[in-house]
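These are my notebook entries on a structure that I examined for the first time. I record what I looked up, entry by entry.

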Amino acid sequence: MVSYQGKNVVIIGLGITGLSCVDYFLAQNVIPKVIDTRSSPSGIEQLDKRVACHLGELNIDWMLDADLIIASPGIALSTPELQQAAKKGVEIIGDIELFCREVNAQSNKQIVAITGANGKTTVTTLVGDIIKSSGIKVGVGGNIGEPALSLLKQDYDIYVLELSSFQLETTYTLQATVATILNISEDHMDRYPLGLMQYTEAKQRIYHNAKYCVTNYDDKLTSPISKHHACVSFGLKMGDYHLDSQCEHLIAQNSPVLSTKVMKLVGCHNYLNALAALAIADKLNIARESSLATIASFQGLPHRFELVFEQNGVKWINDSKATNVGSTEAALKSVVCQGKLYLLLGGDGKSADFSPLTPYLLNNNLEVFCFGRDRNLLAKLAPAVTTMTETMADAIQIIAQKVAANDVVLLSPACASLDQFKNYIDRGNQFAKLAKEYVHRSKQ
């Protein structure tokens, strides 16, 4: 274990990740301090009584006295208090950096690092399933599920990490065996005032010291900025891994390897996710046959283009995880609808540019319902086919009275959920619940 004995450590941000950091330091008899800007953060009841805690605001005195600050991904490095600490020479890192230092000290461990604006949770989970099915001990976490530091409690051979741009900002010694940026589109522009390139630079940190890079042939922003000789690509029609012209087969190195008809995943964006996962698995030397069997049986994840209700020929699809424009674009490219498409957009747009959605909304067989904080901005995209409501429930109530056989109702909001919901999971669950309630009510 890397030693921090004698260090004055301050952890900013509690919750499940903050608690994993506390446990990590307590295990080596270092008692950190904890700061959280929330007055009642999640996890406070589980905090060890020996740990001093300052709530409600940043404690600049603690920060300036620290030797090491572990900053939550939710706090930007541009925060004035962090800037003051950095100028004083205080080391500022994140939990992923702590994790990397531990793994780097063990030569027999491997890391797969996955980021992107969209699809990273699906690919991370699928890669984890592929490795597990091959009989290798694998831990999956990071930005999803278990915090990275908690994975160290088990003896895994490979760690598969989903990493956000926020986490990468405070990570310096990542040495991934395979690293990928799946795609780049505007997201978190409220965090990146200099625009898309600033966001891209944060994502590009995942390639530093990577052995292999997996890039998106159709998205040049995913290619390493600095030359990297060991890259493979995936893409829709081109790349080392791609689809045939009818999206009927996954193709690897010019050979068809799997029919999409036998896959439980649906939609071209999910086929691209499968190609990325296969490319990663190949670089890990997983047996191709084993990888393809897992890909074929993989059912996808909740709240990601998930068919949650179907009645009288009407499909209700929950894509609540589409919290940015690029993800909603992917959903609109993949949805198959023989009747009318009812699209639900809304929430907190995080200062994103919604205009890329406009071409998808110029369709006679589409109606758009905009709700939540940024509904007025979204409604400007296609006012002729748009209805504005305050809440998602109001929109679903109207839609339930209008749907007919072969119609599709798609929740793919292009926005974060926190203006009206606990999180995207809560939004997706409420969508499914309301759909069933209103449809049954409308038929009575």
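Which side chains meet in a salt bridge at 2.8 Å, N to O? I found that those of Glu-97 and Arg-101 do. I take a salt bridge to be a side-chain nitrogen of Lys or Arg within 4 Å of a carboxyl oxygen of Asp or Glu.

Basis of the entries. I note that the model is predicted, that local features need pLDDT of at least 70 and side-chain atom pairs count only at pLDDT 80 or more, while totals for chains, interfaces and linings use all residues. Residues are numbered from 1 along each chain as its sequence is written, and side-chain values use heavy atoms, with hydrogens and water left out.

Entry on salt bridges. I looked up the total and noted 13 salt bridges in the structure. Returning to Glu-97 and Arg-101, I saw that they are four residues apart in helix α4 (residues 95-104), so about one helical turn separates them. Helices (H or I, at least four residues) and strands (E, at least two) are DSSP runs, numbered from the N terminus. Glu-97 counts as buried because its relative accessibility is 0%. For this term I apply the following cut-offs: buried is under 20% relative accessible area, exposed is over 50%, and partly exposed is in between (1.4 Å probe, protein chains only).

I then turned to Glu-367, which forms a salt bridge with Lys-340, with 3.2 Å between the closest N and O atoms. This pair links distant parts of the chain, 27 residues apart: Glu-367 is in strand β18 (residues 366-371), and Lys-340 is in the loop between α11 (325-334) and β17 (341-346). Glu-367 is buried at 14% relative accessibility, whereas Lys-340 is partly exposed at 24%. I also recorded a network in which salt bridges that share partners join Glu-91, Glu-97 and Arg-101.

A further pair is Arg-50 and Asp-48, whose closest N and O atoms are 3.0 Å apart in a salt bridge. Arg-50 is exposed, at 52% relative accessible area, and Asp-48 is partly exposed, at 26%.

Entry on positive phi. Which residues other than glycine did I note with a positive phi? Asn-209 has a phi near 65 degrees, and Phe-305 has one of about 50 degrees. Asn-209 is found in the loop between α8 (196-204) and β10 (212-216), and counts as exposed at 56% relative accessibility. Phe-305 lies in the loop between α10 (288-297) and β15 (306-311), and is buried with a relative accessible area of 11%.

Entry on Ser-164. I located Ser-164 in the loop between β8 (158-162) and α7 (165-169). Ser-164 is buried, with a relative accessible area of 12%. Leaving aside residues up to four places away in sequence, Ser-164 touches Thr-115, Asn-143 and Lys-203; contact means heavy atoms within 4.5 Å.

Entry on a helix pair. How do the axes of α5 (residues 120-133) and α9 (residues 268-283) cross? They come within 9 Å and cross at roughly 45 degrees. That makes α5 oblique to α9, as angles under 35 degrees count as roughly parallel, over 145 as roughly antiparallel, 65 to 115 as roughly perpendicular and the rest as oblique. Residues that make the contact include Leu-126 and Ile-130 of α5 and Ala-274 and Ala-277 of α9.

Note on methods:
Axes are lines fitted to C-alpha atoms, for helices over the stretch in contact, and angles run from 0 to 180 degrees between N-to-C directions.
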